[in-house]
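Student: I've got the model open and I'd like to know where some of these labels come from. Can we go through them one at a time?

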Amino acid sequence: MKKIQVLSDEVASQIAAGEVIERPSSVVKELIENSIDAGASQVSIRISEAGKNLIEVVDDGNGIPFEELELAVTRHATSKLQLASDLFNINTLGFRGEALASIASVSHFSLISKHENETIGGKIENLNGKTITKSKIGCPNGTTITVRNLFFNVPARLKFLKSDITEKQRISTLVTKFALAYPYVRFKLTNEQQILLQTNGNGDRREILNHVFGFEIAKQMLEVKFEESPYYITGFISPVGITRSNRKEMTFFINGRWIQDVALSSALMKAYHTMIMVGRYPICILFLDFPADFVDVNVHPTKAEVRFSKPDLVFSMVQRATRRALLAYSSFPEITQKFWSQSSEPDKNLDETTWNPARVLDDENQNFDFFNRGKSDISASEKEGISSQSIYVPLLRHVGQIGATYIVADGPDGLYLIDQHAAHERILFEKMMAQMGGSIPSQQLLTPEVVQLPVHQTMIFQEKIEILRKIGFDITEFGPNTYQIRAIPSMLIGINPKEIIQVVVEDFEDDETPLGNVVEAIIAARICKRAAIKGGQILSKEEQKALIENLEKCETPRTCPHGRPTMIHLSVDLLEKQFGRKGSI
Ligand code: ADP
Ligand code: MG
């Protein structure tokens, strides 16, 4: 064993730096945060070799007084906080006084700055955590920080970095998100002389959104504007037709600070519940502005995690804000020209996404793939231009049924094709959810049904039995692992009660079981799927009309509870183009 020794300043600061500065993008993040704290209206970032060779950040903020230059690079030296109690009312991004010291201890570091009240600026250079030169220098108001040869003295760190492309990507993603969070600041990111991003600081977030998601998706993102003073949530969420296979593209800023928070992502997903497929995730970039004392920012070295003093309130706000935006804008897929013309001119590249009604017919296929037919992560709707425009289901005139599966209707703006199964699922589901908690009309069975379950299923079933009772089932225990069903909800007449039990005891997938009464929604959705009219079933004219009318009354008529579209739209405009009456294809 070695003797216990106090570490040298140099080693101590390298250890501390390890927490704050993990990779080049951490440097960029800390420097941008400082520029924003300094009130900059312009921030230019220049990188070379993915930031390993050079990171330079220039701002026009209020600058650092000549006297304080060394202090800025000293650990635990900050102008943003004095008392411990200030920690609970922080209005700046920085407060730990650690970033510059950490960066300087693992790089060749120089700082040029001129404070707005001084006539001349100053420059310092640091090596191994110590200031080695200091001089006066003529320069405009603001600060320039140059970080060269990052991790030159901790080569182990370099080994943990990903490829240059990935590290560069991280930097540009980061800068873009900051640009979106601070639309009144002009950002410029240059990589080896090439401009990767430039914003004009005019406050228009939509414009910057193109850089984050690409034009096609950006234009479809739904705007969130939620104000319930003192809580404000703004930003963008994806419509139900645009999803991802993971949660990575959910971004949250709280009080201008980019944070990672699993609970916020869950709140968001809850808002989409029944609108998108299980296993798919929405995209968002949301900015929460809450009173400062709501958020404890001092829980994580890179300030990437926070603690909320009233988490439930924060989550329910996020959920409400999202839900509101979704309901306001959500719509059904629309067949656009590109989509339509594929059938006549098959495009090799689009093979995967070619319109294939057979898939829509495939009822048993739980993993219905209308939105995700391609192998790529980008959903088919993005490629095919299925657009989200309409807010309501318009009043429709019934025309007929085709393929014993779709109902054709005539609307104010063209032709609508309704998937009878998906539509009926939605109708039953909303009816069931609306009635739940009240008394749901139920129907006695002539001969009660007795069901025996294997032991492991009995345990699952026992947990859910109350929900079934709420929905209108009369179920009693009838011996070990055996149940008797005496009545079922009237709306489900004709369904085999045993099937319902099966639906309830099936495994719940991770993402299907968020909080609270959502379990009820999952069960209701599953039951409605079983109970709904199937594709391939001929319906009378009256039944078809009733289906349309009932769908029009639904709150979320455009998708079934599992997220499939209930209808698609072929606009008059497109028809006219197809028949050569207007414009060309
Ligand atoms: P913190 O931001 O937590 O205070 P930093 O190490 O990032 O710690 O910065 C130390 C101090 O240096 C800041 O408190 C601030 O006073 C000053 N500073 C750093 N960067 C800038 C900048 N771009 N413009 C003006 N002042 C800066
Ligand atoms: Mg800082």
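Student: Where is the place of Gln 193?

Tutor: This is a predicted model, and in it Gln 193 sits in the loop between strand S7 (186–191) and strand S8 (194–198).

Student: Why is Gln 193 called exposed?

Tutor: Exposed means over 50% relative accessible area. Gln 193 has 73%, so it counts as exposed.

Student: What about Glu 49: where does it lie?

Tutor: Glu 49 lies in the loop between strand S1 (42–48) and S2. Its phi is positive too, near 50°.

Student: Why is Glu 49 called partly exposed?

Tutor: Under 20% would be buried and over 50% exposed, with partly exposed in between. Glu 49 comes out at 43%, which falls between those cut-offs, so partly exposed is the label.

Student: Then what makes Leu 54 buried?

Tutor: Leu 54 has 5% relative accessibility, and the cut-off is under 20%, so it counts as buried. Leu 54 lies in strand S2 (residues 54–59).

Student: Which peptide bond is cis?

Tutor: The one joining Ser 229 and Pro 230, where omega is about 0°. Pro 230 is in the loop between strand S9 (222–228) and strand S10 (231–237). Most peptide bonds are trans.

Student: On to ligand 1. How do you know that Thr 78 makes a polar contact with ligand 1?

Tutor: The cut-off is a pair of N or O atoms within 3.5 Å. A polar side-chain atom of Thr 78 is 2.5 Å from an oxygen atom of ligand 1, so the pair qualifies. The side chain of Ser 79 has an N or O atom 2.5 Å from a ligand 1 oxygen, and for Lys 80 the distance is 2.7 Å, so these pass as well.

Student: How much of ligand 1 does the protein bury?

Tutor: Taken alone, ligand 1 exposes 520 Å², and the protein buries 93% of that. The space it takes is the second largest pocket.

Student: What surrounds ligand 1?

Tutor: There are 19 residues around it, with Asn 34 and Gly 97 among the closest. By class, the shell has seven nonpolar, eight polar and four charged residues. Helix H2 (24–37) and helix H4 (99–105) each supply at least two residues of that shell.

Definitions and conventions: Residues are numbered from 1 along each chain as its sequence is written. Chains are lettered from A and ligands numbered from 1 in the order in which they are written. This is a predicted model: local features need pLDDT of at least 70, side-chain atom pairs count only at pLDDT 80 or more; totals for chains, interfaces and linings use all residues. Side-chain values use heavy atoms; hydrogens and water are left out. A residue is near a molecule or strand if one of its heavy atoms lies within 4 Å of it. A polar contact is a pair of N or O atoms within 3.5 Å; within protein, one must be able to donate a hydrogen and the other to accept it, and residues adjacent in sequence count only if both atoms are side-chain atoms. Accessible areas come from the Shrake-Rupley method with a 1.4 Å probe; for residues, only the protein chains shown count as cover. On a 1 Å grid over the protein atoms alone, a cavity is a set of points where a 1.4 Å probe fits but cannot get out, and a pocket is an open set with protein on both sides within 12 Å along at least five of seven lines; lining residues have an atom within 4 Å of a point. A molecule sits in a cavity or pocket if more than half of its atoms lie within 2 Å of its grid points. Helices (H or I, at least four residues) and strands (E, at least two) are DSSP runs, numbered from the N terminus. Ala, Val, Leu, Ile, Met, Phe, Trp, Tyr, Cys and Pro count as nonpolar, Asp, Glu, Lys and Arg as charged, and the others, Gly among them, as polar. Buried means under 20% relative accessible area, exposed over 50%, partly exposed in between (1.4 Å probe, protein chains only).
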